[in-house]
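Reader: Could you walk me through this protein fold in plain words?
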Amino acid sequence: MAYQKLKEELIAYSKEIGIDKIGFASVEPFAEFKSRLEEQQALGYASGFEKGTNQERTEPERLMPGAESIIAIALAYPTRIKNDPKSVKGDRRGFFARASWGTDYHIVLKEKLDKLASFLQKKVPGLQFSSMVDTGELSDRAVAERAGIGFSGSNTLIISPEYGSYMYLGEMITNIPFPADQPLDEGCGTCTKCLDACPTGALVEPGRLNAQQCLAFLTQTKGFMPDDHRDKLGNYIYGYETCQVVCPYNKGVDFHNHEEFEPDPDLVKPRLVDLLAVSNREFKEKFGKMAGSWRGKKPLQRNAILALAHYKEASAIDTLIELMIDDPRPVIRGTAAWAIGKIGEERGFRAIEQAMQREKDLEVMEEMEKGLQFESISTN
Ligand code: SF4
(Lines give C-alpha, C1' and ligand atoms only; values in the text may rest on other atoms or scores of the structure.)
Protein backbone atom coordinates (compact mmCIF):
# COMPACT_ATOMS: atom_id res chain seq x y z
CA MET A 1 0.00 0.00 0.00
CA ALA A 2 2.90 2.32 0.80
CA TYR A 3 3.97 2.07 -2.82
CA GLN A 4 0.45 2.85 -4.03
CA LYS A 5 0.54 6.07 -1.98
CA LEU A 6 3.99 6.95 -3.32
CA LYS A 7 2.71 6.28 -6.82
CA GLU A 8 -0.18 8.70 -6.28
CA GLU A 9 2.20 11.34 -4.91
CA LEU A 10 4.48 10.89 -7.91
CA ILE A 11 1.56 11.17 -10.33
CA ALA A 12 0.50 14.43 -8.62
CA TYR A 13 4.08 15.73 -8.81
CA SER A 14 4.37 14.75 -12.46
CA LYS A 15 1.40 17.02 -13.23
CA GLU A 16 3.08 19.89 -11.35
CA ILE A 17 6.18 19.63 -13.54
CA GLY A 18 4.22 19.43 -16.78
CA ILE A 19 4.27 15.74 -17.64
CA ASP A 20 1.14 15.10 -19.69
CA LYS A 21 0.86 11.35 -19.09
CA ILE A 22 2.51 8.95 -16.71
CA GLY A 23 2.11 5.20 -16.37
CA PHE A 24 3.75 2.33 -14.52
CA ALA A 25 4.87 -0.99 -15.95
CA SER A 26 6.35 -4.21 -14.63
CA VAL A 27 9.90 -5.27 -15.51
CA GLU A 28 8.83 -8.64 -16.90
CA PRO A 29 10.80 -9.43 -20.07
CA PHE A 30 9.11 -8.06 -23.19
CA ALA A 31 8.80 -11.51 -24.73
CA GLU A 32 6.41 -10.63 -27.55
CA PHE A 33 8.47 -7.58 -28.49
CA LYS A 34 11.59 -9.74 -28.53
CA SER A 35 10.18 -12.17 -31.06
CA ARG A 36 9.03 -9.21 -33.15
CA LEU A 37 12.53 -7.77 -33.05
CA GLU A 38 13.99 -11.07 -34.20
CA GLU A 39 11.50 -11.24 -37.05
CA GLN A 40 12.25 -7.64 -38.07
CA GLN A 41 15.96 -8.34 -38.11
CA ALA A 42 15.53 -11.58 -40.09
CA LEU A 43 13.44 -9.71 -42.65
CA GLY A 44 16.00 -6.86 -42.89
CA TYR A 45 13.41 -4.34 -41.67
CA ALA A 46 15.44 -2.80 -38.80
CA SER A 47 16.79 0.74 -39.12
CA GLY A 48 20.24 0.07 -37.69
CA PHE A 49 19.88 3.04 -35.30
CA GLU A 50 18.83 0.72 -32.45
CA LYS A 51 21.00 0.41 -29.35
CA GLY A 52 21.91 -2.75 -27.42
CA THR A 53 21.44 -6.47 -27.88
CA ASN A 54 17.98 -8.01 -28.16
CA GLN A 55 18.34 -9.22 -24.56
CA GLU A 56 19.20 -5.76 -23.29
CA ARG A 57 16.36 -4.26 -25.26
CA THR A 58 13.77 -6.60 -23.84
CA GLU A 59 14.95 -7.54 -20.36
CA PRO A 60 14.99 -4.47 -18.08
CA GLU A 61 16.75 -6.37 -15.30
CA ARG A 62 19.79 -6.77 -17.54
CA LEU A 63 20.04 -3.01 -17.73
CA MET A 64 19.58 -2.43 -14.01
CA PRO A 65 19.96 -5.35 -11.59
CA GLY A 66 17.35 -5.04 -8.85
CA ALA A 67 14.84 -3.38 -11.22
CA GLU A 68 11.25 -3.56 -9.96
CA SER A 69 9.24 -1.19 -12.13
CA ILE A 70 9.37 1.14 -15.12
CA ILE A 71 7.84 4.60 -15.04
CA ALA A 72 6.72 5.75 -18.49
CA ILE A 73 6.11 9.40 -19.34
CA ALA A 74 4.66 11.23 -22.32
CA LEU A 75 4.72 14.89 -23.35
CA ALA A 76 2.38 16.12 -26.06
CA TYR A 77 3.79 18.32 -28.83
CA PRO A 78 2.20 20.90 -31.12
CA THR A 79 1.14 20.21 -34.68
CA ARG A 80 0.41 23.68 -36.02
CA ILE A 81 2.64 26.70 -36.54
CA LYS A 82 1.42 30.15 -35.62
CA ASN A 83 2.22 32.60 -38.47
CA ASP A 84 2.98 29.70 -40.76
CA PRO A 85 5.26 31.01 -43.56
CA LYS A 86 4.12 29.86 -46.99
CA SER A 87 6.38 28.06 -49.40
CA VAL A 88 5.88 29.96 -52.66
CA LYS A 89 7.43 29.94 -56.13
CA GLY A 90 10.80 31.70 -55.99
CA ASP A 91 10.93 31.36 -52.19
CA ARG A 92 10.56 27.68 -51.41
CA ARG A 93 10.73 26.33 -47.90
CA GLY A 94 11.46 22.89 -46.47
CA PHE A 95 9.67 21.26 -43.57
CA PHE A 96 10.91 19.56 -40.43
CA ALA A 97 8.51 16.88 -39.17
CA ARG A 98 6.70 17.91 -36.00
CA ALA A 99 8.72 15.61 -33.75
CA SER A 100 11.68 17.90 -34.39
CA TRP A 101 10.05 21.21 -33.48
CA GLY A 102 11.42 23.31 -30.66
CA THR A 103 14.15 22.14 -28.30
CA ASP A 104 15.33 18.57 -28.77
CA TYR A 105 12.86 16.40 -26.85
CA HIS A 106 15.66 14.17 -25.57
CA ILE A 107 16.82 17.11 -23.46
CA VAL A 108 13.35 18.18 -22.30
CA LEU A 109 12.18 14.69 -21.32
CA LYS A 110 15.48 13.89 -19.62
CA GLU A 111 15.00 16.98 -17.43
CA LYS A 112 11.51 15.79 -16.48
CA LEU A 113 12.82 12.32 -15.65
CA ASP A 114 15.62 13.85 -13.56
CA LYS A 115 13.01 15.80 -11.60
CA LEU A 116 11.01 12.63 -10.96
CA ALA A 117 14.19 10.92 -9.77
CA SER A 118 15.01 13.82 -7.39
CA PHE A 119 11.46 13.66 -6.02
CA LEU A 120 11.77 9.92 -5.39
CA GLN A 121 15.27 10.22 -3.95
CA LYS A 122 13.90 12.40 -1.16
CA LYS A 123 11.28 9.77 -0.29
CA VAL A 124 13.17 6.54 -0.88
CA PRO A 125 16.69 6.20 0.50
CA GLY A 126 18.64 3.79 -1.67
CA LEU A 127 16.68 4.62 -4.82
CA GLN A 128 18.23 3.20 -7.93
CA PHE A 129 17.11 4.29 -11.34
CA SER A 130 18.09 4.39 -14.98
CA SER A 131 16.40 6.83 -17.36
CA MET A 132 16.23 6.81 -21.13
CA VAL A 133 14.60 8.72 -23.95
CA ASP A 134 14.55 7.25 -27.45
CA THR A 135 18.25 6.40 -27.63
CA GLY A 136 18.33 3.92 -24.73
CA GLU A 137 18.13 0.16 -25.02
CA LEU A 138 14.49 -0.18 -24.05
CA SER A 139 11.75 0.43 -26.59
CA ASP A 140 9.90 3.57 -25.48
CA ARG A 141 6.88 2.28 -27.34
CA ALA A 142 6.82 -1.20 -25.80
CA VAL A 143 7.12 0.36 -22.33
CA ALA A 144 4.47 3.02 -23.00
CA GLU A 145 2.07 0.40 -24.30
CA ARG A 146 2.52 -1.81 -21.24
CA ALA A 147 2.18 1.19 -18.91
CA GLY A 148 -1.15 2.20 -20.45
CA ILE A 149 0.08 5.48 -22.01
CA GLY A 150 -1.51 4.47 -25.30
CA PHE A 151 -2.12 1.56 -27.61
CA SER A 152 0.13 0.46 -30.43
CA GLY A 153 -1.33 1.68 -33.72
CA SER A 154 -1.05 0.04 -37.11
CA ASN A 155 1.46 2.80 -37.95
CA THR A 156 3.64 1.32 -35.14
CA LEU A 157 3.27 4.47 -33.02
CA ILE A 158 1.78 4.77 -29.56
CA ILE A 159 -1.62 6.44 -29.73
CA SER A 160 -3.36 7.92 -26.73
CA PRO A 161 -7.03 8.87 -26.84
CA GLU A 162 -6.17 12.43 -25.65
CA TYR A 163 -3.02 13.29 -27.57
CA GLY A 164 -3.13 10.93 -30.54
CA SER A 165 0.38 9.91 -31.56
CA TYR A 166 1.89 13.38 -31.22
CA MET A 167 3.68 12.55 -27.98
CA TYR A 168 7.30 12.16 -26.95
CA LEU A 169 8.00 9.14 -24.80
CA GLY A 170 10.58 8.37 -22.14
CA GLU A 171 11.01 6.02 -19.22
CA MET A 172 12.82 5.32 -16.00
CA ILE A 173 13.60 1.89 -14.58
CA THR A 174 13.51 1.97 -10.76
CA ASN A 175 14.06 -0.44 -7.89
CA ILE A 176 10.68 0.59 -6.37
CA PRO A 177 7.93 -2.04 -6.73
CA PHE A 178 5.22 0.35 -7.92
CA PRO A 179 1.88 -1.31 -8.70
CA ALA A 180 1.64 -1.63 -12.48
CA ASP A 181 -1.03 -0.02 -14.67
CA GLN A 182 -3.02 -1.89 -17.29
CA PRO A 183 -2.51 -1.54 -21.05
CA LEU A 184 -5.35 0.32 -22.82
CA ASP A 185 -8.12 -1.76 -24.27
CA GLU A 186 -8.33 0.17 -27.54
CA GLY A 187 -7.08 -0.24 -31.09
CA CYS A 188 -7.35 0.76 -34.73
CA GLY A 189 -10.50 -1.25 -35.46
CA THR A 190 -11.11 -1.53 -39.19
CA CYS A 191 -9.11 1.61 -40.09
CA THR A 192 -6.26 1.21 -42.60
CA LYS A 193 -5.65 4.88 -43.45
CA CYS A 194 -1.94 4.93 -42.57
CA LEU A 195 -1.20 1.80 -44.58
CA ASP A 196 -3.09 3.19 -47.56
CA ALA A 197 -1.35 6.58 -47.34
CA CYS A 198 2.25 5.42 -46.93
CA PRO A 199 3.86 6.34 -50.28
CA THR A 200 6.57 3.67 -50.15
CA GLY A 201 4.70 0.69 -48.71
CA ALA A 202 6.97 0.83 -45.66
CA LEU A 203 4.04 -0.24 -43.50
CA VAL A 204 4.04 -3.75 -44.87
CA GLU A 205 1.14 -4.86 -42.68
CA PRO A 206 -0.64 -3.42 -39.62
CA GLY A 207 2.00 -2.82 -36.96
CA ARG A 208 4.96 -3.85 -39.10
CA LEU A 209 7.35 -1.26 -40.50
CA ASN A 210 10.18 -1.85 -42.92
CA ALA A 211 12.44 0.97 -41.71
CA GLN A 212 14.59 0.67 -44.83
CA GLN A 213 11.62 1.86 -46.90
CA CYS A 214 10.40 4.46 -44.39
CA LEU A 215 10.89 8.04 -45.59
CA ALA A 216 11.30 9.28 -42.00
CA PHE A 217 14.31 6.98 -41.64
CA LEU A 218 15.67 7.75 -45.10
CA THR A 219 15.74 11.51 -44.42
CA GLN A 220 18.34 10.72 -41.75
CA THR A 221 20.73 8.66 -43.85
CA LYS A 222 23.94 10.18 -45.17
CA GLY A 223 24.34 8.58 -48.59
CA PHE A 224 22.32 9.11 -51.75
CA MET A 225 18.54 8.90 -51.42
CA PRO A 226 17.30 5.79 -53.29
CA ASP A 227 16.03 6.86 -56.73
CA ASP A 228 12.43 5.78 -56.35
CA HIS A 229 12.05 7.60 -53.01
CA ARG A 230 13.30 11.01 -54.18
CA ASP A 231 9.98 12.16 -55.58
CA LYS A 232 7.99 11.08 -52.57
CA LEU A 233 9.38 13.34 -49.87
CA GLY A 234 7.67 16.53 -51.02
CA ASN A 235 9.30 19.31 -49.01
CA TYR A 236 10.10 17.23 -45.90
CA ILE A 237 13.77 17.69 -45.10
CA TYR A 238 13.74 15.86 -41.78
CA GLY A 239 11.38 13.07 -40.80
CA TYR A 240 8.13 12.18 -42.50
CA GLU A 241 4.74 11.75 -40.86
CA THR A 242 1.97 11.07 -43.35
CA CYS A 243 1.06 7.96 -41.33
CA GLN A 244 0.34 10.33 -38.43
CA VAL A 245 -1.30 13.12 -40.39
CA VAL A 246 -3.97 10.80 -41.81
CA CYS A 247 -4.69 9.05 -38.51
CA PRO A 248 -8.22 9.76 -37.20
CA TYR A 249 -6.85 9.81 -33.64
CA ASN A 250 -4.77 12.85 -34.60
CA LYS A 251 -7.65 14.81 -36.10
CA GLY A 252 -7.67 18.30 -34.59
CA VAL A 253 -4.91 17.41 -32.10
CA ASP A 254 -2.65 20.42 -31.42
CA PHE A 255 -1.29 20.77 -27.90
CA HIS A 256 0.89 23.68 -26.90
CA ASN A 257 1.55 22.56 -23.33
CA HIS A 258 5.32 23.11 -23.41
CA GLU A 259 7.04 26.31 -24.35
CA GLU A 260 10.18 24.32 -25.25
CA PHE A 261 8.37 22.63 -28.16
CA GLU A 262 6.98 25.81 -29.74
CA PRO A 263 8.18 25.91 -33.35
CA ASP A 264 10.18 28.84 -34.68
CA PRO A 265 8.59 29.20 -38.14
CA ASP A 266 11.86 30.10 -39.87
CA LEU A 267 13.63 27.09 -38.40
CA VAL A 268 10.99 24.40 -38.91
CA LYS A 269 10.19 25.72 -42.39
CA PRO A 270 13.58 27.04 -43.48
CA ARG A 271 14.20 28.69 -46.84
CA LEU A 272 15.74 25.89 -48.89
CA VAL A 273 18.32 28.00 -50.71
CA ASP A 274 19.48 29.56 -47.42
CA LEU A 275 19.88 26.13 -45.85
CA LEU A 276 22.16 25.13 -48.71
CA ALA A 277 24.46 28.07 -47.99
CA VAL A 278 24.65 27.70 -44.22
CA SER A 279 28.14 27.37 -42.66
CA ASN A 280 28.90 24.75 -40.02
CA ARG A 281 28.91 27.43 -37.33
CA GLU A 282 25.63 28.96 -38.43
CA PHE A 283 24.08 25.53 -38.67
CA LYS A 284 25.06 24.70 -35.11
CA GLU A 285 23.86 28.05 -33.80
CA LYS A 286 20.52 27.96 -35.59
CA PHE A 287 19.55 24.30 -35.78
CA GLY A 288 21.79 22.72 -33.14
CA LYS A 289 19.04 22.57 -30.50
CA MET A 290 16.58 20.75 -32.73
CA ALA A 291 16.29 16.96 -32.64
CA GLY A 292 16.47 17.05 -36.45
CA SER A 293 20.08 18.26 -36.43
CA TRP A 294 21.50 15.09 -34.86
CA ARG A 295 22.96 13.75 -38.12
CA GLY A 296 24.57 17.08 -39.04
CA LYS A 297 23.77 19.30 -41.98
CA LYS A 298 24.57 16.99 -44.91
CA PRO A 299 21.39 14.87 -44.90
CA LEU A 300 19.27 18.01 -44.45
CA GLN A 301 21.02 19.74 -47.33
CA ARG A 302 20.65 16.66 -49.53
CA ASN A 303 16.93 16.65 -48.71
CA ALA A 304 16.70 20.40 -49.33
CA ILE A 305 18.06 19.81 -52.84
CA LEU A 306 15.46 17.08 -53.38
CA ALA A 307 12.73 19.47 -52.19
CA LEU A 308 13.87 22.09 -54.73
CA ALA A 309 13.70 19.38 -57.39
CA HIS A 310 10.23 18.43 -56.18
CA TYR A 311 9.13 22.04 -56.69
CA LYS A 312 11.04 22.28 -60.01
CA GLU A 313 12.32 25.53 -58.60
CA ALA A 314 14.07 27.15 -61.56
CA SER A 315 15.25 30.13 -59.48
CA ALA A 316 17.52 27.73 -57.56
CA ILE A 317 19.42 26.54 -60.65
CA ASP A 318 22.45 28.80 -60.08
CA THR A 319 22.79 27.65 -56.48
CA LEU A 320 22.51 24.02 -57.54
CA ILE A 321 25.06 24.43 -60.35
CA GLU A 322 27.49 25.93 -57.85
CA LEU A 323 27.00 22.98 -55.51
CA MET A 324 27.37 20.46 -58.33
CA ILE A 325 30.70 22.01 -59.33
CA ASP A 326 32.25 23.11 -56.04
CA ASP A 327 30.85 21.20 -53.10
CA PRO A 328 33.44 18.83 -51.63
CA ARG A 329 30.77 16.26 -50.66
CA PRO A 330 29.95 13.76 -53.45
CA VAL A 331 26.40 13.22 -52.13
CA ILE A 332 25.69 16.93 -52.46
CA ARG A 333 27.33 17.27 -55.89
CA GLY A 334 25.51 14.23 -57.23
CA THR A 335 22.12 15.09 -55.74
CA ALA A 336 22.46 18.64 -57.11
CA ALA A 337 23.16 17.22 -60.58
CA TRP A 338 20.07 15.00 -60.40
CA ALA A 339 17.95 17.94 -59.19
CA ILE A 340 19.20 20.21 -61.98
CA GLY A 341 18.12 17.61 -64.50
CA LYS A 342 14.76 17.17 -62.81
CA ILE A 343 14.12 20.93 -62.90
CA GLY A 344 14.70 20.64 -66.62
CA GLU A 345 16.14 23.99 -67.75
CA GLU A 346 18.25 23.98 -70.90
CA ARG A 347 21.19 25.76 -69.21
CA GLY A 348 21.01 23.23 -66.37
CA PHE A 349 21.56 20.32 -68.77
CA ARG A 350 24.48 22.11 -70.41
CA ALA A 351 26.01 22.78 -66.98
CA ILE A 352 25.76 19.08 -66.11
CA GLU A 353 27.55 18.16 -69.34
CA GLN A 354 30.36 20.60 -68.57
CA ALA A 355 30.70 19.51 -64.96
CA MET A 356 30.86 15.89 -66.10
CA GLN A 357 34.11 16.62 -67.95
CA ARG A 358 35.83 17.40 -64.66
CA GLU A 359 34.04 15.08 -62.24
CA LYS A 360 36.13 12.16 -60.94
CA ASP A 361 33.72 10.48 -58.53
CA LEU A 362 31.94 7.57 -60.20
CA GLU A 363 28.78 7.84 -58.10
CA VAL A 364 28.50 11.53 -58.84
CA MET A 365 28.98 10.85 -62.54
CA GLU A 366 26.18 8.32 -62.37
CA GLU A 367 23.91 10.98 -60.84
CA MET A 368 24.92 13.38 -63.61
CA GLU A 369 23.90 10.83 -66.17
CA LYS A 370 20.57 10.41 -64.42
CA GLY A 371 20.19 14.19 -64.48
CA LEU A 372 20.81 14.27 -68.23
CA GLN A 373 18.25 11.53 -68.81
CA PHE A 374 15.52 14.00 -67.83
CA GLU A 375 16.35 15.91 -71.04
CA SER A 376 15.49 12.94 -73.23
CA ILE A 377 12.33 12.37 -71.19
CA SER A 378 11.26 16.00 -71.68
CA THR A 379 11.94 15.94 -75.43
CA ASN A 380 10.18 12.60 -76.08
FE1 SF4 B 1 -4.65 2.93 -36.67
FE2 SF4 B 1 -6.00 4.17 -38.66
FE3 SF4 B 1 -4.37 5.57 -37.07
FE4 SF4 B 1 -3.34 3.79 -38.83
S5 SF4 B 1 -4.48 5.67 -39.35
S6 SF4 B 1 -2.72 4.08 -36.70
S7 SF4 B 1 -4.90 2.19 -38.80
S8 SF4 B 1 -6.25 4.50 -36.44
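This is a predicted model: local features need pLDDT of at least 70, side-chain atom pairs count only at pLDDT 80 or more; totals for chains, interfaces and linings use all residues.

Author: Residues are numbered from 1 along each chain as its sequence is written, and side-chain values use heavy atoms, leaving out hydrogens and water.

Reader: In what order do the four strands form the open sheet?
Author: Strands here are DSSP runs of E with at least two residues, and helices are runs of H or I with at least four, numbered from the N terminus. Two strands pair if DSSP finds at least two bridges between them. The pairing is antiparallel, and the order is E1-E2-E7-E4.

Reader: Which strands stand at the edges?
Author: An edge strand has a single partner strand, so one side of it is left without a neighbour in the sheet. That goes for E1 (21–25) and E4 (129–132).

Reader: Which residue stands opposite Phe 129?
Author: E4 is joined to E7 (residues 167–174) by four bridges, and the two run antiparallel. Over in E7, the residue facing Phe 129 is Thr 174.

Reader: At about what angle to E7 does helix H5 run?
Author: Axes are lines fitted to C-alpha atoms, for helices over the stretch in contact (heavy atoms within 4.5 Å). Angles run from 0 to 180 degrees between N-to-C directions. H5 (residues 105–123) lies across E1, E2, E4 and E7, and its angle to E7 is about 35°.
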